[in-house]
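Please look over the sequence and the structure first.

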Amino acid sequence: MGFLRKLLLIKSAITVVFIARYLLRNPAIPELKDQWWAEGSPKVQDEKITPFKIKISDEVLIDLNERLFKSTRMVPALEGIGFQYGFNAEYLKTVHQYWMNTYNWRKQEAFLNTFPHFKTNIGGLGIHFIHAKPSEELMKNKQVLPLLLLHGWPGSFVEFTKIIPLLTRETEGYDFVFELVVPSLPGYGFSDAARKPGLGPAEMGLIFDRLMKRLGYDKYYVQGGDWGSLIGSNMATLFPDKVKGLHLNMVAVSTIGSNVGLMLGSLWPSLLMPADKVHLTYPLSSRFLHVIQETGYFHLQATKPDTVGMALSDSPLGLAAYILEKFSTWTKASSTKLQDGGLLKKFSMDELLDNVMVYWITNSITTSMRLYSEAMSAKTFAYDLDNIPCVVPTGAAVFPEELFVQPGPLAKFKFTNLIRYNIMDRGGHFAAYEEPQLLADEVFQFVQQVEKL
């Protein structure tokens, strides 16, 4: 027994030393270099910024219609089941009928073209972005602040179409207005995909810093959710002298300190968050079970994105089911019990299909999913960006239906200058598309705090 006690003490001491060394280490900020992501060897590229108009060929739309109108096979949903097993086959028939008979891409294309689109070449890739400016009168009378808006998966720039007008117009109580840069991530929508491996979240951050510099911004704000949250966090960590402020609507922190704190918080969760919000994170067993139920796609896309991509690229209805399921369960978890997934409670069918169409008409579902594989690569982990403190002023709008809610005190293990952390009254993962006014109000309030520092 004495020997076992000694062995246990030795193991405990080694563990404590290991944790202490891990916590006390000071990883250096990696210096990323520009790379050529297009096919072949680097070439001299045209760096000018050119206007871009969305104009999908008739051939692409005819092919889509042929696929939608041809006979489809569906496995009937189980009796009494909503979205618990995935997208409900009965409701998919409703989506199918609407897409075939009511949805009008040309009308939606015209709407999307009301925003000012541009493209420019960075690292050999054509990068698409919206550059939305306030009116000339506002630009004369208000301070104009550049703000980079970053989307995630399975979203697109379409997510921001509701919030763009809210951020570029005059807002009572504020002496500033935003000039917005809203890109499509490389491999998403109208931005080119890499032809070489290795383009992960940090490298995308470098590309977007280059984009902002090309547009003439030495300092700028960043806002993002999902992948946009991670890319924005990486940008603020890598370029703290350029990012004036970072605003997130998904807070994902994974340091050893935050993870230990999360576990210890189970003993007294009200130390980490208000008593009426504890249920958003604790008990961990039920929250982790929910995360596991909703992240099977992550493992698939982080390991074999091209395999599932083959199927989704060939079937528009399959693509719609795969994407829209996330717009159901990530918007409100209890929607899994509904046959229609509650999809139309926050979105119109046109809005949902606009986003699906961006993936279909550009054939970008496979290339978009590769980001998961790149993010889980040894190269990305070697940067150790999770454990490098982000000193940039940071704000968080935490929406209660988000997959996982990170308590504010634990977020500070990464975001050491977290000046605003607000748990919202409602809303989920696709905040800019679901609750644009709530998110816009939060962004204005956060930036005002930063400007007063």
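For the 453 residues of the protein chain, a compact globule would have a radius of gyration near 22 Å; the chain has 23 Å, so the two agree. The model is predicted. Its secondary structure amounts to 19 helices and nine strands.

**Overall dimensions and surface**

- Along the principal axes, the C-alpha atoms of the protein chain fill a box of roughly 80 × 60 × 50 Å.
- Buried residues make up 55% of the 453 in the protein chain.
- Among contacts in the protein chain with a separation of 6 or more, 81% are accounted for by residues 24 or more positions apart.
- The protein chain carries 45 positive and 45 negative side chains. The centres of these two sets lie 6 Å apart.

**Strand 4 and its partners**

- Strand 4 spans residues 143-150, and six of its eight residues are buried, so the rest of the structure largely encloses this strand.
- Strand 5 (residues 176-183) pairs with strand 4 in the parallel sense, over six bridges.
- Within this pairing, Val144 has Val177 of strand 5 as its bridge partner.
- Strand 6 (residues 220-224) also runs parallel to strand 4, and four bridges join the two.
- Here the bridge partner of Leu149 is Gln223 in strand 6.

**Cis peptide bonds**

- Trp153 and Pro154 are joined by a cis peptide bond, with omega about 0 degrees.
- Pro154 sits in the loop that runs between strand 4 and helix 6 (164-168).
- A cis peptide bond also joins Tyr282 to Pro283, again with omega about 0 degrees.
- The loop holding Pro283 lies between helix 9 (256-264) and helix 10 (284-294).

- Asp226 is a residue other than glycine, yet its phi is positive, near 55 degrees.
- The loop between strand 6 and helix 8 (227-238) contains Asp226.
- With a cut-off of under 20% relative accessible area, Asp226 counts as buried because its value is 11%.
- Asp384, which is not a glycine, has a positive phi of about 55 degrees.
- Asp384 is placed in the loop between helix 16 (378-383) and strand 8 (394-398).

Note on methods: Residues are numbered from 1 along each chain as its sequence is written. This is a predicted model: local features need pLDDT of at least 70, side-chain atom pairs count only at pLDDT 80 or more; totals for chains, interfaces and linings use all residues. Side-chain values use heavy atoms; hydrogens and water are left out. The radius of gyration is taken over C-alpha atoms; the globule rule is 2.2 Å times the number of residues to the power 0.38. Buried means under 20% relative accessible area, exposed over 50%, partly exposed in between (1.4 Å probe, protein chains only). Contact means heavy atoms within 4.5 Å. Lys and Arg count as positive and Asp and Glu as negative; His and the chain ends are not counted. The place of a charge is taken as NZ of Lys, CZ of Arg, CG of Asp or CD of Glu. Two strands pair if DSSP finds at least two bridges between them.
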